[in-house]
Protein chains: 2
Amino acid sequence: MNFQQRKNKILAQLASRGEVDTRELALALDISEITIRRDLNRLSDEGQLYRTHGGAIPVDQPPLPFQFTHKATANQSAKDNICRKAAATINDGDIIFMDCGSTVFRLCQFIKNRKIKVITNSMPVIQALQNTTVSLNIIGGEYDAARQAIHGSMAIEHIARYQAHKAFIGVDGLSAKGLFAHSEKEADMALALAHHSHTTYLLCDASKINKPSYLHFAPLETVQTIITDAAPDQLQYCKKKGVKVITV
Amino acid sequence: MNFQQRKNKILAQLASRGEVDTRELALALDISEITIRRDLNRLSDEGQLYRTHGGAIPVDQPPLPFQFTHKATANQSAKDNICRKAAATINDGDIIFMDCGSTVFRLCQFIKNRKIKVITNSMPVIQALQNTTVSLNIIGGEYDAARQAIHGSMAIEHIARYQAHKAFIGVDGLSAKGLFAHSEKEADMALALAHHSHTTYLLCDASKINKPSYLHFAPLETVQTIITDAAPDQLQYCKKKGVKVITV
DNA sequence: TCAAAAACGATCAAAAACGATCAATTTATA
DNA sequence: TATAAATTGATCGTTTTTGATCGTTTTTGA
C-alpha cells in the first residue's frame, strides 16, 4: 500500500462521503496515523483536498483551473445541441477561429478528435483542446483574468495575420438591429474574427435572441449563419438580410 | 523472456489489477528486481505507466493541466532558492519576460503579490499568475502541447513588439562555450527575450552547469547575470566575459 | 477562562526501495 | 569464429518511506 494507492482511496472516500477522518483512514488502510497525516498534508499541497483538524474535506474549487464553472450549467443541453450542429459544418483540414464565450467553449468536446487547426483567445478552449488531435494557435496579447481570455490591440493584430475558413463567435444579445456585446473588448475581437474568416457562425441560445444588450457593435450581416435553438419565427428578419439560420 | 514480452505482461497486469509491485513482478516473471525497476522506468519514460515507489500504476487521464508535475520535484529546493534571489531583483512596476522552463516557472510563487507586468509564453506561468496582482501578457503563436508553451515565428514577432526591463530564462546546459537548448524553438525564444529586455537573467541549477547539451545557440555574453546554486569556482570563466554570477 | 483530550509536527531510527557501478551473460554483427 | 553491443544480475552506498517518541498546538467542554 504505497502513497499512490492510498491517495486513490482517500480521494475516493472524500468524494463519496464528503469528509475523511485521520483515525478512520489509519484503521481502514492499516497504516499509522502519522503517515495518513503526511498524506493529507501532501494532498493538500497538491490542492486535492482541504485539510481540517482531524481529517480533510473536498476542495469545492473546480479541479480544472480554466472552466466555465457557473455558466457551463446554464442552458447546457441547448448549447450542446447548437455546438453539435456547428461541429458538423467543420471539415478536416479547416482552420477555425473560436472566441471566448461559454457557448463556443462547448464546441470543444465535439471537435477534439478532428484534424483541424483552432485559433483562439480563450484559455478554457486551449486547455480543453491541448493534447488532442487539434492543432492550436493562441492569440497573443493582454490577458483578462475575468474573461479568461486575451484581448487588446495586439490580439487584434494577431488575428489580422491569419485567415480562417470559419469563425465561431458568441454574443451577449441579438436583435434585428444587430449584435450586442457586454464589453468593447469582446466586440472588437468578434469583429476581427469575422473579418478574417470566410464564413462566420454565430452560436446563440434562445435566451439571447431579441435581447438587445449593453453594446451594439455590428449589423446582423456581419455573420453569415446563426445556429440557435430558438423558434424560427423569432428570427424572420434574418432572411431578409441574407443571414442563414440553422435551428437545432 | 525479453523486454517486449515483459512489457506486455507488465501492462496486462497493470490494466487488470490497476497496479504492479516490483517484488511480485520479479517473482512472477522470474527475473531480478533491478531489471523490473529498469523496465518500469523505461515504460514510465514512454508514458505507458506512472512510476510509484515500489511499483507502478496506470496512467489515467492527462495529469493536472498546465503543471510541471514530474519535473517539479527535481531539484525543487535549489530552484526555489534561485528563484527567491531572482525575485529580489524585481522592482514594482517592472515589465519582465519569463520563458517556459521548469526553473523559471518556480519564480511565480515569489512574484504573485507584486505589482509588475509579466510577458510569457508558458501556460503553467499563466495559470499560476492569473487572478494575482500581476498583469499578464501572453505571447501568441502556435501552441506546443509537449512544452506547454507557445513557440514559432508569430511568437518571436510578438516579443519584438515589446521591450522589458528584465528577462528570466532557463537553459538546458551551460558551459564556457555558451548556452545550450534542447530545441531550436526554445533557443529562438530565449534569444528573442534576451534581445528585447534591458537585463537578462539566466536561472540555472547546478545540474546544468558545464553540461553542454543538444544545441549551442548563444554565447555566454547573451545574458548579463547568472543565478545558480553551483559552486562559484565552476563558473570562473563568466567573470572574464563580464557575466555576473549570483550564488544562492 | 481554564484544563483535559485530541490532534499535530519535529525528530530520530529502521526498513524498504532505489540507482550507480561493474561483472557476467546473451545477442548481434563482421 | 571473433568482436562489439546490449542485456542482465550482484554489490553497495544513497534516498525514500514509514513508524515511534515526545513536546506543542488546537479543540472541546465544564
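Does B:Phe168 count as buried or exposed, and at what relative accessibility? B:Phe168 counts as buried, because its relative accessibility is 0%; the cut-offs here are under 20% relative accessible area for buried, over 50% for exposed, and partly exposed in between, with a 1.4 Å probe and protein chains only. This is a predicted model, in which local features need pLDDT of at least 70 and side-chain atom pairs count only at pLDDT 80 or more, while totals for chains, interfaces and linings use all residues. Residues are numbered from 1 along each chain as its sequence is written, chains are lettered from A and ligands numbered from 1 in the order in which they are written, and side-chain values use heavy atoms, with hydrogens and water left out.

On to the aromatic rings. Searching the whole structure turns up two aromatic pairs over all chains. Rings of Phe, Tyr and Trp (its six-membered ring) pair if their centres lie within 6.5 Å, and planes under 30 degrees apart count as stacked, over 60 as edge-to-face and the rest as tilted. A:Phe168 and A:Tyr201 have ring centres 5.0 Å apart and planes at 15 degrees, so this pair is stacked. A:Phe168 belongs to strand 9 (residues 164–169) of chain A and A:Tyr201 to strand 12 (residues 197–204) of chain A, so the pair ties together parts 33 residues apart in sequence. Strands (E, at least two residues) and helices (H or I, at least four) are DSSP runs, numbered from the N terminus. Both A:Phe168 and A:Tyr201 are buried. In chain B, B:Phe168 and B:Tyr201 make a stacked pair too, at 5.0 Å centre to centre and 15 degrees between the planes. B:Tyr201 is buried, with a relative accessible area of 9%.

Each chain also puts a charge over a ring, meaning that NZ of Lys or CZ of Arg is within 6 Å of the ring centre and within 35 degrees of the ring normal. The charged end of A:Arg42 sits 3.6 Å from the ring centre of A:Phe3, and B:Arg42 lies over the face of B:Phe3, at 3.6 Å from the ring centre.

Next, the sheets. Chain A has an open sheet of three strands in the order 1-3-2, with antiparallel pairing; two strands pair if DSSP finds at least two bridges between them. Strand 1 (20–21) and strand 2 (49–52) of chain A are at the edges with a single partner strand each, so one side of each has no neighbour in the sheet. Strand 2 of chain A pairs with strand 3 (residues 55–58) of chain A over four bridges, and A:Tyr50 stands opposite A:Ile57. Helix 3 (residues 33–45) of chain A packs on this sheet and touches strand 1, strand 2 and strand 3 of chain A, where contact means heavy atoms within 4.5 Å. In the hairpin of strands 2 and 3 of chain A, with two residues between the strands, A:Gly54 takes a positive phi near 105 degrees.

Elsewhere in chain A, strand 4 (residues 95–98) runs parallel to strand 5 (residues 117–120), joined by four bridges. A:Met98 stands opposite A:Thr120 in strand 5 of chain A. A:Met98 touches, among others beyond four places away in sequence, A:Ile111, A:Leu129 and A:Phe168. A:Met98 is also one of the residues that touch the most other members of the largest nonpolar core, which has 115 residues. Such a core is a set of buried Ala, Val, Leu, Ile, Met, Phe, Trp, Tyr and Cys residues joined through side-chain atoms within 4.5 Å.

Methods: Axes fitted to C-alpha atoms, helices over the stretch in contact; angles between N-to-C directions.
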